[in-house]
Amino acid sequence: MNSCCLDLFVLKYTLSKETVDYLKQPTFDIWHWEPNEMLSLLEHMYHEVGLVQEFNINPITLKRWLLCVQENYRNNPFHNFRHCFCVSQMMYGMIHLAKLWERMSREDLGILLTAAVCHDLDHPGYNNTYQINARTELAIRYNDISPLENHHCAVAFQILSNPETNIFANIDKDTFKRIRAGMTMLILATDMARHGEIMESFKEKLNAGFDFHSKEHTDTLKMMLIKCCDISNEVRPMEVSEPWVDCLLEEYFNQSDREKMEGLPVAPFMDRDKVTKPTAQIGFIKFVLIPMFRDCCEEVMVRPLQMAKDRYEAMKNEEDAAKQFAG
């Protein structure tokens with residue numbers, strides 16, 4: 001874990017009403033903000049959702065914690081601090097879109113937002129399959145069971161174990177225990193290897209009649225929400241979402257190049273010789289994103305996914321036609 005610089009934000013940003021309103025929208029353009037501005041926007045979320053008040057967070061500690069979180073995201077093409085901000089902003093947008101404060105406690109909202117902020121801490125840029133096949137230190141430490149997600153959790157609670165960066169320093173032990181269990185559950189749920197299991201569990205609860213008074217039901221909903229936020233780029237407008245595909249493919253290609261060099265198995269969807277932007281996205285949008293968002297989110301978030309799928313299918317048809325013409 002990187003050591004944390006405990007200086008306060010270099011600049012204090014005053015957010016306009018326009019920015020504050022825009023921050024709640026799924027259409028928010030996350031590319032226009034510098035790191036210091038993203039820190040200020042995250043800080044605003046904690047104040048606006050009522051978490052600073054709920055957990056009696058020292059505002060200076062909140063600043064230090066956010067800085068420390070930022071410094072513990074690596075400079076990967078995709079899994080970096082901007083991705084953390086992107087996922088957290090979408091969670092904040094969902095909280096407002098669905099008025100979750102009417103159905104959930106502030107504590108639950110705090111768990112959702114804080115898990116989103118911490119969900120990829122110290123990601124090395126190589127996925128679980130690589131960790132396991134290469135028998136890395138993380139895979140050995142966590143016995144091949146969600147090594148990355150377990151590591152993200154561990155780093156999150158290492159940061160919170162430092163009094164200088166512990167935003168939960170002023171709550172009682174029982175509350176902290178619940179927050180720790182909740183955050184761990186959500187971060188571990190972001191392992192896509194568990195996607196089918198979590199989807200199935202949520203569908204069962206929907207079919208039985210979803211009950212906000214049931215902890216089991218709300219826990220599954222919270223897992224679905226963080227999963228949606230984690231892979232929500234295609235919900236955003238095309239000019240915001242498409243650069244993320246380039247970032248992800250760059251990270252995938254880095255991994256597959258390394259796997260080839262080390263004689264490890266290579267997933268076809270990561271192989272630069274086999275994958276294109278449309279082939280990477282069409283199946284993912286069709287079979288993962290649309291069913292998941294349809295089950296647990298507002299229709300306003302499903303429509304852009306349908307449009308993205310149509311756009312990538314048109315792009316693929318153009319590529320196929322160009323190949324045929326060249327051939």
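**Ala115 and its surroundings**

Ala115 is in contact with Met183, Leu186, Ile187 and Ile226, leaving aside its neighbours within four places in sequence. Contact means heavy atoms within 4.5 Å. This is a predicted model: local features need pLDDT of at least 70, side-chain atom pairs count only at pLDDT 80 or more, and totals for chains, interfaces and linings use all residues. Residues are numbered from 1 along each chain as its sequence is written, and side-chain values use heavy atoms, with hydrogens and water left out.

- Ala115 sits in helix H6 (residues 106-118). Helices are DSSP runs (H or I, at least four residues), numbered from the N terminus.
- Ala115 is buried, at a relative accessible area of 0%. Buried means under 20% relative accessible area, exposed over 50%, partly exposed in between (1.4 Å probe, protein chains only).
- From Ala115 to Asp191 the C-alpha distance is 13 Å, across 76 residues of sequence.

- Two packed helices are described by the angle between their axes and the distance between the axes. Axes are lines fitted to C-alpha atoms, for helices over the stretch in contact, and angles run from 0 to 180 degrees between N-to-C directions.
- H5 and H6 have axes 8 Å apart, at an angle of about 160°. H5 is therefore roughly antiparallel to H6. Angles under 35 degrees count as roughly parallel, over 145 as roughly antiparallel, 65 to 115 as roughly perpendicular and the rest as oblique.
- The crossing of H5 and H6 is right-handed. A crossing is left-handed if the near helix is turned anticlockwise from the far one by less than a right angle, and right-handed if clockwise.
- From H5, Cys84, Val87, Ser88, Met91, Tyr92 and Ile95 meet Leu109, Leu112, Leu113, Ala116 and Val117 of H6. This contact of H5 with H6 has 10 nonpolar residues, one polar and no charged. Ala, Val, Leu, Ile, Met, Phe, Trp, Tyr, Cys and Pro count as nonpolar, Asp, Glu, Lys and Arg as charged, and the others, Gly among them, as polar.
- Helix H2 (residues 35-48) packs on H6 at about 165°, with axes 11 Å apart. That makes H2 roughly antiparallel to H6.
- H2 passes H6 in a left-handed crossing. Leu42, Met45 and Tyr46 of H2 meet Leu113, Thr114 and Val117 of H6. The contact of H2 with H6 has five nonpolar residues, one polar and no charged.

**H9 against H10**

- Helix H9 (residues 147-160) and helix H10 (residues 173-189) cross at roughly 150°, their axes coming within 9 Å. H9 and H10 are therefore roughly antiparallel.
- H9 contributes Glu149, Asn150, His152, Cys153, Ala156 and Phe157; H10 contributes Phe176, Arg180, Met183, Thr184, Ile187 and Leu188. The residues of this contact of H9 with H10 divide into seven nonpolar, three polar and two charged.

**The nonpolar core**

- The largest nonpolar core has 93 residues, and Tyr46, Trp65 and Phe293 have the most contacts inside it. Helix H5 (residues 81-97) gives the most to this core, with 10 residues. Such a core is a set of buried Ala, Val, Leu, Ile, Met, Phe, Trp, Tyr and Cys residues joined through side-chain atoms within 4.5 Å.
- Leaving aside neighbours within four places in sequence, Phe293 is in contact with residues including Met94, Cys228 and Leu305.

**Met270, a buried loop residue**

- Met270 lies in the loop between helix H13 (238-262) and helix H14 (277-296). Met270 is buried, with a relative accessible area of 2%.
- Leaving aside neighbours within four places in sequence, Met270 is in contact with Asn127, Tyr252, Phe253, Gln255 and Ser256.

How values were computed:
Helix = DSSP H or I, 4+ residues; strand = E, 2+ residues; numbered from the N terminus.
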